[in-house]
Every structure is written in C-alpha cells, then in structure tokens.
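Thank you all for coming.

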Amino acid sequence: MIENNDKPVLIILEGEQTGQRWTIEGDTFVIGRGASCELVLPERQVSREHIRIYREDEKYFLSDLNSKNGTWVNGEQVKGATVELRDGDEVSIALAVRMTYVASESTAPLTNADRPPSKGILRLDRESRRVFICEEEVDPPLSLPQYRLLELLYDGDGRVCTRDEVIEAVWPDAIGDGVSEQAIDALVRRLRDRLAESDGDTQFVVTVRGHGFRLSNPEN
C-alpha cells in the first residue's frame, strides 16, 4: 500500500486483516476474494469481485457488484446498488468484513496496532483477544460481545462511550432498534462480573448516568 495523504483510506475493523489500512489509488478500486482485486479479502463469504469504489470528480462512490452475500453501508444493504461514500461511513462486506471509509489518510484515526499500550492494570492482547489484569490472564476468556465492549471502552481511554457506540461496536449488524437498553445493561453487568472475578476491588466499567459508560483503569 502506498501512503498518500490526499487519497481516501479504508481501515479494516473486523475480519482476518483487522487493523490494516488501504489507500484507494486510482479512479477504480475493486475489493473481493479474487487475486486481481486491488484489495484481496480472504474470507470465503466474499465474492471474487464484491464491490467497486470509484471516483467521479471529487466524490467517491461504492457499487455492489451483484455479490452473493451482499454489502451494507452504515447498516443499510446496497446489494446491486451504488451509494456515495462519505467520511466515516462503515462498510460491511458479506457480514464477514467490516471497514470504515476515511476521506484522507491525514484524518485517519489510530488503528488498534497504532495505539500505545495502556499504563493501567488492565491490558488487552488484541491479536489473541486475551485480557490481563495485573499480568494475570482473565480465564476463561471473555465472550466476543464482552471483549468487544471492553475493547471499545479501553480504546476510549477514559472517555464516556455512548450506548449507540456500544451497539455499533458489539452488534455491528444490528439495524434500527434491534438492541434493547436491557441487552446493553445485561452485557455491562456480565462484563463487570467477569472482571471482578480477577480483581474484586476495582470497578473497571463505570456507568455515567444519562450518558454511557467509561473504563476506569488505575495505574500499577
């Protein structure tokens, strides 16, 4: 991948290549499982040529190439259709790969691999999705929803994460009102309980009433 600050960037958020960035070079950029694609995704659910991103004047558009398992932009299916891409749009391919579209490399956020290690007693190993508290592994491992919630709060670095952000991070394929307040609260409780099994003296997940949740990660 060639870095170019003036070109749009795709950042893979979920899939076998999580954390990788791809600059959209040229006027046409095809994504799929085929070896001839500009971005090759190895997931079996992805079609050989799944989507095409192309430029018209100063705008970029995404076309679904009649893929077998579909394409979603911000939760709306665009199978066989074309939509204009805007900064921050989230693209899901065959519900197997999730990525975000960033208007230029200069505004691209940090990926997981770019983030500095936490100085707190709670630490994540992102590659293996393992969690450590005071260098002791949380065992058995967290469920995937629990880990996704914890990772969101961890990356927030003390910032309050809203319920909408929780839904987007934990249930990326949920549409509309598909996730209830009760489901979010139940997940938060389960995560608190799991972390308390390793350190009952620290409340890592803090509820900020009326706003959302944040991580309290005291230093050693």
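At what angle do helix 1 and helix 2 pack, and how far apart are their axes? Please keep in mind that this is a predicted model. Helix 1, which covers residues 144-156, packs against helix 2, residues 163-170, at an angle of about 130 degrees, and their axes are 9 Å apart. The two helices are therefore oblique to each other, and helix 1 passes helix 2 in a right-handed crossing. On the side of helix 1 the contact is made by P145, R148, L149 and L152, which meet E165, V166, A169 and V170 in helix 2. Sorted by class, this contact has six nonpolar residues and two charged ones, with no polar residues.

Let me move on to the next pair. The axes of helix 2 and helix 3, the latter spanning residues 181-198, come within 11 Å and cross at roughly 75 degrees, which makes helix 2 roughly perpendicular to helix 3. Here R163, V166, I167 and V170 in helix 2 meet E181, I184, D185 and L187 in helix 3, and by class this contact has five nonpolar, three charged and no polar residues.

Finally, the aromatic rings: a search of the whole structure finds one aromatic pair. The ring centres of Y54 and F61 are 5.6 Å apart and their planes lie at 20 degrees, so the pair is stacked, and both Y54 and F61 are buried.

Terms used
Residues are numbered from 1 along each chain as its sequence is written. This is a predicted model: local features need pLDDT of at least 70, side-chain atom pairs count only at pLDDT 80 or more; totals for chains, interfaces and linings use all residues. Side-chain values use heavy atoms; hydrogens and water are left out. Axes are lines fitted to C-alpha atoms, for helices over the stretch in contact, and angles run from 0 to 180 degrees between N-to-C directions. Helices (H or I, at least four residues) and strands (E, at least two) are DSSP runs, numbered from the N terminus. Angles under 35 degrees count as roughly parallel, over 145 as roughly antiparallel, 65 to 115 as roughly perpendicular and the rest as oblique. A crossing is left-handed if the near helix is turned anticlockwise from the far one by less than a right angle, and right-handed if clockwise. Contact means heavy atoms within 4.5 Å. Ala, Val, Leu, Ile, Met, Phe, Trp, Tyr, Cys and Pro count as nonpolar, Asp, Glu, Lys and Arg as charged, and the others, Gly among them, as polar. Rings of Phe, Tyr and Trp (its six-membered ring) pair if their centres lie within 6.5 Å; planes under 30 degrees apart count as stacked, over 60 as edge-to-face and the rest as tilted. Buried means under 20% relative accessible area, exposed over 50%, partly exposed in between (1.4 Å probe, protein chains only).
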